[in-house]
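Good morning, and thank you for making time for this item.

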Amino acid sequence: MSLGLCNFNKDGTNDDDAISKNFADLHEPLSLLQAKAEADRCLYCYDAPCITACPTSIDIPTFIHQIRAGNLTGSAKTILSENIMGGTCSRACPTEILCEQACVLNVSQEQPVEIGLLQRFAVDSLMEKNLEHPFKRAPLKGKRIAVIGAGPAGLSCAHRAAMLGYDVTVFEAKEKAGGLNEYGLAAYKMADDFAQKEVEFLLQIGGIQIEYGQKLSEQLSLKSLQEDFDAVFTSVGLGLTNQLGIDGEEDSRVIDAIQFIEEIRQTDDLSSISVGNDVIVIGAGNTAIDAAIQSKRLGANNVTVVYRRGEESMSATQWEIDLARKNGVNFRFFSAPKSFSSSSLECDYMRSENGSLVTTGESYKLTTDMVLKAIGQTFDQPSFSELEVSKGKIVVSENYETSIKGVFAGGDCIDSGEDLTVQAVEDGKQAAHAMDHYLSNLSGEK
Amino acid sequence: MANLKCKVAGIESINPFWLASAPPTDKYVNVVRAFEAGWGGVVWKTLGEDPPVINMSSRYGVHKNGNQHILGINNIELISDRPLQTNLDEIRRVREEWPDRVIIGSMMAVIEEKAWKDLAVAIADSGVHGLELNLGCPHGMCERGMGSAIGQVPEMVEKVTRWVKEVVDIPVFTKLTPNITNILWSAEAAQQGGADAVSLINTVNSIVSVDLDQMAPTPVVDGKGSHGGYCGSAVKPIALNMVAEISRNQPTKDLQISAIGGIETWRDAAEFIALGADGLQVCTAAMLYGFRIVDDMIAGLSDWMDEKGYDSIDDFRGMAVGNTLDWNELNINYDSKAYIDPESCIECGRCHIACEDTSHQAIEFSVSDEGKRTFTVIDDECVGCNLCAHICPVPECIEMRPVDNKLPHLTWPNHPLNPMNTVEKQI
C-alpha cells in the first residue's frame, strides 16, 4: 500500500479492486533486513528523550537494541510490558509528535529512527509466533475489579489488573471489544482485523471476562457495580458527538464522521458503503482527516475539509494533513459552516482579529451530497451524574481515583493529556496499579 | 598523483597492494581477475608436495559486530588442493601474460630439508618473483607438523629459511604466525636464516562463534567444528603492533616487511606503511567485497599522499616508528581534558553514561526546564582517557584538549614516586 491514492476508473465508477487496495495497510511492515538496518541507526541514548516522549514510557533504546541483537521476543516483551497495546500504538500513534519527534537524530540527520515501524516489527513478530502469553499473573488476590468500556484504557487496565492477581469483568456496550481501535481508527491503519487480534492476544493472560452489549443502565449502574466488585474502573470514552447547531443539520446527508468510520470498519464489503460524490468534512482533528481520506479512497470525486480557523490551528498532525493532501483532499480554511440546504453547504468567510475569530460578512456555497461532522465528542455526563465532572471530563486525582472512593477512571473521559490511544493505555495501566494500591491498603486496614 | 610504486625485498611493484596467499589467489582465473582489477601482485595460494590435500565443507565462520557487519573471518581451509604441476603451469602462464605484476610462490612442507629444497626449486622454476615460506597456518596443516607447528619454534623458522635460501636465488619471504608469545623471536630467526623479508601476520588461532542449535563451533562440519585461522579488520590491531615491534627492534629494523592483517581501506594501508611496512597483502577485504576494493585503496592512498605532499611511499614509510615507544618512555606529565562542543552535541547521553558507569564520573548531565539536555565535562575529574570522545556518535563533537600545565617532560622511570627510581638513586 502506498501513502497515495489508488486510481479509480475514469468514469468515476467504484472498482472493488481499487477500493480494497486503497484500504490495505498504510505502511508496509518492515522486512527483517529493513528492521535491522533501521535498528542500526538508533544511538542507544542514555535516559533517552524518546522514552520521555512516549506516554507509556516504553524503553525504546532497549527494545531497538534487542532487535539488533536478534532477541525479537525480548524486544516485544520490553514494549508490551509498558504498553500492552504496543501493536495498535505502533500503527496509530502520531509518532511524529511523540517518540520520533524527540529522537536525537532529528538534529544530526534530520530523520528520526522509525520507532513506530520498529515497534510494529517487534510486536507483530511475537504475535505471529503464537507463543505462550508473555506475561504471567501474580498469585490471585481473591478480589474482583469491574471495568466499564472495553476500549484501550479499559483493556489496558484489565490486563494489568489481571497480571496483578485480580479477576476482572469488563462491561462493553458494543458487540466487540477494542473501542476506537475497533470502531474509530482509519481502516488502513488497522488492516487485517488487527484490533480483534490484539484483544485476543491480551485476553490470553486469563482472569478477564468481557460482557458484551452491557450499557450502563439502572440495572447496571456505578452503584450496583460498586456493590458487586471491590473496585471499579470507568473508561467509557466520549459517548456524544458535538453538534454544529446550523440549519439543515438534521438532513440525512449530514452525518457523524465517527459513525461513517465505524461503518467502514465493520463492513465486510467496502464497495457497499455509500459515499457521496462531493464530500465535505467539517473539523480539524485526526478524525476529520481519517474521514476525508477514507471518503476519497472509497471513490468520492471531491473531498473538502472545511475548518473555521487556519491550518496552523488544526489539531491533526502535520503528517496527517500532508497525507490527506497526498490523497487529493482539499482544504478550505477560515470557513465556518452556516447552513446546509439543497445540496450545498454555505460557509461564512472568517478572519482572525487580535487572536479572535470574526466573520468577514462574506459567504460562499460548496456543492455537496455528503457532509461529515468531525468536530469532536464529549463525555456523556448524564449517565454519571454521581461523579464530579469538570469541563466535560471526569475529575480524577493523580491516582486516577474519581470523587467516589473505589471508583477510578481513565482514557478519553478524563483529562490526562491528548485523546490518544497511547494515553488511554497509560491511564489504564496506571489506574490498575492505583487500584492495587488502594485495595492492598484496604486489606491492610482490616 | 603520488607515485605508488614500491620495492619489497628488491622486487618492484606498480603499487603496494598484493593479494595474500589464500583462496583469492588459488588459480589462474582469480589471479587474472585480480590483475585486471589493478592489484600489484599476488602471493599464490600455498603449494605443497603432491598428492594435494583434501579440503572440508564448510570452511568459513564469521565474527560480526552488533550491526551485523563482518569484522573477521575464520577459516579451516588448507593449502592448495590442486596438483602442484597444474599450479606451476598456471603461474608460468600468468607471468607471461602480466609481466608488470608480481607473483610470489607460497610454499609449505614437512620439516625435512629435501622436501623444502625440492619444492622451492620447482616453484622458483615456474618464474615467480620470490618465494614465501608459509610457517603460519594454525589449523590442519600444523597437525601434520607444518604451518604454525614450524613457525612457533624459532630454530625451525631459521632452519627452513636457510634451506630455501641455499637453493634459490630469488628473494625469500618468511611468513610469520602471530600465535606466539613474542614476534621478535621468530622475526630474528627468519633474519638469521637469511630471509629477504618477513610477511606477517598469518591468521590468529580462533573459534569465531558457536552454533547454539547444533552446539558446535562454526564453521560446522557434520555437527562438529574446529579452531581455525582468524583474519579481517578485527586482527588489524594485532598485526600493527607486531609490524611495529619488528620495525623498532634494533636487530630487525632493516628487515623488509610485507604487512598483512585486516587491511580494508587506504587508511589501513597508510598506517602499516607508517609503521615500517615495505609492501602490503590483503585477503579478507577482497573476500568480502571483491577485487574492486583495491580501487579506493589506490585512489585513497594516492589522494592522501597528495594532500600531505608525499611524492612516494618512501616519503612517509616508517614515519610513525620513532613515535612508537614503550609505556615507560611516555611523558607522564602530559594532560588533556575532554571538551564537549555544545553546538554539535545532539544530547544522546552516551558520553555521560560511559563516564559515569565505567570511568571517572567526569561528565555532568543536567536538564533545563525546557527539556534541553546538557553534558558538561568536570575538568577536575576528567583524566583525559578519551572514552567519551570515542563513543560520541557525532564527528568532532568531543575534543581532547591538551592542558598547558607547565610541567616538564617526565617518564615513569624518572618519576619521584617510582620506587624503582628511588632504589636506583640509593644505589
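I shall discuss the contact between the chains, then a sheet, then the domains.

Please bear in mind throughout that this is a predicted model.

Let me begin with the contact between chain A and chain B. Chain A contributes 12 residues to the contact, and chain B contributes 12 residues. Which elements of chain A give two or more residues to the side that touches chain B? They are α2, spanning residues 32-41, and α8, spanning residues 105-108. As for the composition of that side of chain A, seven of its residues are nonpolar, four are charged and one is polar.

I turn now to a sheet in chain A. Three strands make up this open sheet, and their order is β10-β11-β12, with antiparallel pairing. At the edges are β10, residues 335-341, and β12, residues 356-367, each of which pairs on one side only. From one strand to the next, the twist averages 20°.

Within this sheet, consider the pairing of β11 with β12 in chain A. How many bridges join these two strands? There are nine, in the antiparallel sense, and β11 itself covers residues 344-353 of chain A. To give a particular pair, A:S344 has A:T367 of β12 as its bridge partner.

Finally, the domains of chain B. Chain B is divided into domain 1, with bounds 6-315, and domain 2, with bounds 328-421. The separation between the C-alpha centres of domain 1 and domain 2 of chain B is 40 Å.

Thank you; I welcome your comments.

Technical notes. Residues are numbered from 1 along each chain as its sequence is written. Chains are lettered from A and ligands numbered from 1 in the order in which they are written. This is a predicted model: local features need pLDDT of at least 70, side-chain atom pairs count only at pLDDT 80 or more; totals for chains, interfaces and linings use all residues. Two residues are in contact if their C-beta atoms, placed from the backbone, lie within 7 Å. Helices (H or I, at least four residues) and strands (E, at least two) are DSSP runs, numbered from the N terminus. Ala, Val, Leu, Ile, Met, Phe, Trp, Tyr, Cys and Pro count as nonpolar, Asp, Glu, Lys and Arg as charged, and the others, Gly among them, as polar. Two strands pair if DSSP finds at least two bridges between them. Axes are lines fitted to C-alpha atoms, for helices over the stretch in contact, and angles run from 0 to 180 degrees between N-to-C directions. Domain bounds come from an automatic or database domain assignment.
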